[in-house]
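We will go from one stop to the next, with something to select at each.

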Amino acid sequence: MKFASITDRVADLGGAKWDVYLRARDLIAQGQDVISLTIGEPDVPTPADLIDVAAQAMRDGRTTYSNGRGEDGLRAALATYYSELSGQDIEPDHVLCFPGTQTALYAVMTCLAESGDEVLVGDPMYATYEGVIRSTGADMVPVPLRWENGFRISVDDIRERITPRSRVLLLTTPHNPTGAVLTRDDLAAIGRLAKEHDLWIVSDEVYGELVFDGTEFTSALSLQEFAERTVVVSSISKSHAAPGFRSGWCIGPEPFVEALLPISENMLFGNQPFIADMTEAAIRNGSGVAAGMRQRFASRAELLQSNLEPHTGLRVHRPDAGMFAMVNVAETGMNGYNYALHLLENAGVAVMPGTSFGETINDWVRVALTVEDGPFLAACDRIAAHATGFQRVSA
């Protein structure tokens with residue numbers, strides 16, 4: 001039997017990236033003492049008031065079909081929210097609703113790229129980006145995100161990789177896995193380059209409400225001069241601690257939305273009305289949990305750094321946002337993958353190798369900041385003791 005070529009394009013993606021996570025899960029299932037700092041999910045449950053809205057909506061009969069664009073109330077709420085966030089005039093006709101950021105990104109990329117095109121994306125990157133890009137038939141062009149630049153994407157590095165085949169530049173701000181946040185000046189320079197080469201800008205801003213104190217978040221939608229080529233995707237998964245509800249959206253210029261609508265309709269024909277009602281309430285009322293997460297994640301990043309850097313050869317990159325911190329393990333003599341396996345097997349702490357997110361952070365690991373303070377501190381102690389012991393053995 002023959003399968004479509006898309007199955008070949010994405011067949012080799014995903015498996016090895018999750019080796020350490022899957023191994024840790026198996027050890028935990030066997031009853032072993034493992035602290036997992038791998039997958040990033042909010043460290044609080046979905047707020048009860050949002051669950052109540054969804055439950056009441058179901059009881060009120062909001063379980064029928066929606067439409068391809070999404071529920072009118074939700075689209076209006078998102079238009080208001082992004083108008084206030086960006087300072088621009090965002091209308092409901094600029095909005096399409098999807099089941100989560102992942103679906104939104106898949107649909108958007110399907111609309112903008114195809115075989116023969118190239119999509120530029122910062123490396124490291126969120127683990128599913130390569131599959132989303134390659135599923136369209138386009139080629140992914142990694143742009144290195146350099147530690148010395150705070151892991152913020154550089155216009156010069158983008159420019160060096162633009163070819164006549166380049167069609168889309170995929171940004172993530174705030175960034176996963178590094179926690180970097182692009183400044184307004186960064187975005188303006190990127191916009192000028194995109195305009196010069198007629199590129200679309202797609203900005204994944206799902207961590208936009210998890211920006212730490214002292215850092216300012218600027219949405220790509222804030223730059224009016226590039227609005228005709230800018231699309232933003234996001235969701236309530238992180239901001240409102242509601243990843244399981246799968247409620248996301250894209251915001252873009254009206255001609256783009258009209259072109260994307262038939263794709264959306266053929267994929268899923270709108271999101272669930274009762275989830276749309278819950279999401280509308282979340283957007284209109286604001287998040288009651290984001291501020292606490294921001295404080296806790298920033299505090300844990302500081303805790304990680306203060307426990308590791310004075311006592312080990314490990315270097316911690318303090319994030320400006322998000323749920324993760326990056327740790328450079330080059331001083332151990334191991335790459336990130338081998339270090340992560342060694343740490344799991346010998347110290348009972350699971351972290352994600354940098355190579356799960358790209359090739360430019362081979363000597364790094366990603367540490368989730370989403371574990372409660374007690375276990376997180378215990379994990380920091382184990383990592384520090386492991387590094388010290390490894391240095392003694394290697395000396």
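Start by selecting F151 and W364: both are buried. Keep in mind that this is a predicted model. The two rings form an edge-to-face aromatic pair, with 5.4 Å from centre to centre and 80 degrees between the planes. F151 sits in the loop between β4 and α7 and W364 in strand β13, so the pair links parts of the chain 213 residues apart.

W147 is partly exposed, with a relative accessible area of 39%, while W364 counts as buried at 6%. Together, ring pairs join W147, F151 and W364 into a cluster. The whole structure has six aromatic pairs.

Next, go to the largest nonpolar core, which has 51 residues. Select L78, Y82, I153, I158, L171 and I190, the members that touch the most others. Helix α10 (residues 273–285) contributes the most to this core, with six residues. A second, separate core of 45 residues includes V34, V206, V329 and A384.

Zoom in on I153. Which residues is I153 in contact with, leaving aside neighbours within four places in sequence? They are G122, V143, L145, I158, L169, L171, L182 and I190.

Last stop: the largest pocket, with about 490 Å³ of space. Select G40, Y126, N176, Y207 and K238, the closest to its centre among the 25 lining residues. Color the lining by class and you will find 12 nonpolar, eight polar and five charged residues. Helix α5 (residues 100–112) gives the most to this lining, with three residues.

Technical notes: Residues are numbered from 1 along each chain as its sequence is written. This is a predicted model: local features need pLDDT of at least 70, side-chain atom pairs count only at pLDDT 80 or more; totals for chains, interfaces and linings use all residues. Side-chain values use heavy atoms; hydrogens and water are left out. On a 1 Å grid over the protein atoms alone, a cavity is a set of points where a 1.4 Å probe fits but cannot get out, and a pocket is an open set with protein on both sides within 12 Å along at least five of seven lines; lining residues have an atom within 4 Å of a point. Grid points are joined across faces, edges and corners, and a volume is the space filled by probe spheres set on the points. Helices (H or I, at least four residues) and strands (E, at least two) are DSSP runs, numbered from the N terminus. Ala, Val, Leu, Ile, Met, Phe, Trp, Tyr, Cys and Pro count as nonpolar, Asp, Glu, Lys and Arg as charged, and the others, Gly among them, as polar. A nonpolar core is a set of buried Ala, Val, Leu, Ile, Met, Phe, Trp, Tyr and Cys residues joined through side-chain atoms within 4.5 Å. Buried means under 20% relative accessible area, exposed over 50%, partly exposed in between (1.4 Å probe, protein chains only). Contact means heavy atoms within 4.5 Å. Rings of Phe, Tyr and Trp (its six-membered ring) pair if their centres lie within 6.5 Å; planes under 30 degrees apart count as stacked, over 60 as edge-to-face and the rest as tilted.
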